[in-house]
Amino acid sequence: MATKDKVLEILTQNNETPVSGEKLAEICGVSRAAIWKAINSLREQNCQIEGTTNGGYVLHGAADILTAELLQTQLDHDFPALAGSHLECFAQIDSTNTYAKSLLSKAGNLRNPDGTLTQAGKLYHNSIYVAESQTAGKGRLGRSFVSPAKTGIYLSVIYAPEGGIKNPAALTAFSAVAVCRVIRKLYKIEPKIKWINDIYINNKKICGILTEGSANFETGMIESAVIGIGVNIQDNPEVFNAAQFAGSIVGNASTTITRYQLAASIGGQTLSIFNEPEEELIKEYKSLSFTVGQTLTVHPVIGNNQKDFTAKAIDIDNNCSLVVQKEDGTILTLNSGEVSLHQE
């Protein structure tokens, strides 16, 4: 662990009780000069660290920075079953999804002939990748996802269970449920889901989810999935001036939740939720959806000759597909594509 991360961990654990530079140096096994350098580095990252008259340092409030060590500590505490999961954190990256997929492409086989995970499979299954910002964030259907620093979190998880992935469509839906659970628990507000992967608060989109699979063409099995999640925490003109329906969590809730707490909670809850009964998760997904009952514009993505059409959402089935009724009364089940509300 880097000295500044260890210093931050110690000051956080001491809960606004001053810790002397001498004590910090002793615990970290470094010089007082190294502690001073670490303190200044943390202050540059907007940590509110005060030097007291007796030579001690105290951290005021929660440190809203992202480090692998802080994320790992939070993850291990909140999700013991995931303790020790591989985790990486970046100040900036092109795309956490792109990075995770590149790791999988270089990893070789994730499974042995008997279906059990190889060493690479064990390493990357349930792994988490978090970034402060992305230069080439990815949205659905080839869109970009604007990912500025300090105002959101951007993360990807790799899910590569033994036996492969049986219902890929459900992964996106259940990930949306996981994010809603975290927001409700941490911020005490009620998010809703627009089929299939957008999370809204007060009619504003605050989160998008992109799931990408990796298939084995010999077996026909979907070996693994990379699930990317981007959350707007604070308002940012770079995002909201260009997107009328974009919103943020803090625009709707007053909170002291740090970004590393949110990132660890979302990563851990997403990976944990896949172990729950699908039937119950589908019920929860439907209860969180505000799409059913709405008149929609449907944008098909399969087939070159299909055009947008208007339909009313009447149900979400047990495969997380959207059931709609066209204006001529025809009932269709959508397992792909995109929908927008009429005012969007």
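Leaving aside neighbours within four places in sequence, Thr96 is in contact with Tyr129, Val130, Ala131, Gln134, Tyr154, Leu155 and Ser156. The model in which these contacts are found is a predicted one. Thr96 belongs to helix 5, which covers residues 96-107, and the residue counts as buried because its relative accessibility is 3%, where buried means under 20%. Among the residues that Thr96 touches is Ser156, and the side chains of Thr96 and Ser156 make a polar contact of 2.7 Å.

The chain as a whole contains 10 helices and 15 strands. Of its 344 residues, 50% count as buried, and its accessible surface comes to about 16300 Å², with 48% of that surface belonging to carbon and sulfur atoms. When contacts between residues at least 6 apart in sequence are considered, 61% of them join residues at least 24 apart.

Helix 7 spans residues 168-187, and its 20 residues reach 29 Å from the first C-alpha to the last, which is close to the 28 Å expected at 1.5 Å a residue. The helix is mostly covered, with 15 of its 20 residues buried. In an α-helix there are 3.6 residues a turn, so residues three or four places apart point the same way. Just after helix 7, Lys188 takes a positive phi of about 60 degrees.

Most residues other than glycine have a negative phi, and most peptide bonds are trans. Trp195 and Ile196, however, are joined by a cis peptide bond, with omega about 0 degrees, and Ile196 is placed in the loop between strand 7 (192-194) and strand 8. Asn203, which is not a glycine, has a positive phi of about 65 degrees; its place is in the loop between strand 8 and strand 9 (204-216). Asn203 counts as exposed because its relative accessibility is 59%, exposed meaning over 50%.

Strand 8 itself comprises residues 198-201 and includes Asp198. In contrast to the exposed Asn203, Asp198 counts as buried, at 8% relative accessibility. Not counting residues up to four places away in sequence, Asp198 touches Lys192, Ile193, Lys205, Cys207 and Gly208. One of these residues, Lys205, is joined to Asp198 through a side-chain polar contact of 3.2 Å. Gly208 lies 10 residues from Asp198 in sequence, while the C-alpha atoms of the two residues are 4.9 Å apart in space.

Strand 11 (residues 295-299) and strand 12 pair in the antiparallel sense over four bridges, and the bridge partner of Val298 in strand 12 is Phe309. Strand 12 is likewise antiparallel to strand 13 (residues 322-326), to which five bridges join it; here Asp315 has Val323 of strand 13 as its bridge partner.The hairpin of strand 12 and strand 13 has five residues between the strands, and in it Cys320 takes a positive phi near 65 degrees, although Cys320 is a residue other than glycine. Cys320 is found in the loop between strand 12 and strand 13, yet Cys320 counts as buried because its relative accessibility is 1%, under the 20% limit.

Conventions
Residues numbered from 1 in each chain as written. Predicted model: local features only at pLDDT ≥ 70, side-chain atom pairs only at ≥ 80, totals over all residues. Heavy atoms only, no water. Helix = DSSP H or I, 4+ residues; strand = E, 2+ residues; numbered from the N terminus. Expected span 1.5 Å × (residues − 1). Buried < 20%, exposed > 50% of the residue type's maximum accessible area, 1.4 Å probe, protein only. Pairing = 2+ DSSP bridges. Polar contact = N/O pair within 3.5 Å; in protein donor to acceptor, adjacent residues only side chain to side chain. Contact = heavy atoms within 4.5 Å. Areas by Shrake-Rupley, 256 points an atom, 1.4 Å probe, with all protein chains shown as cover.
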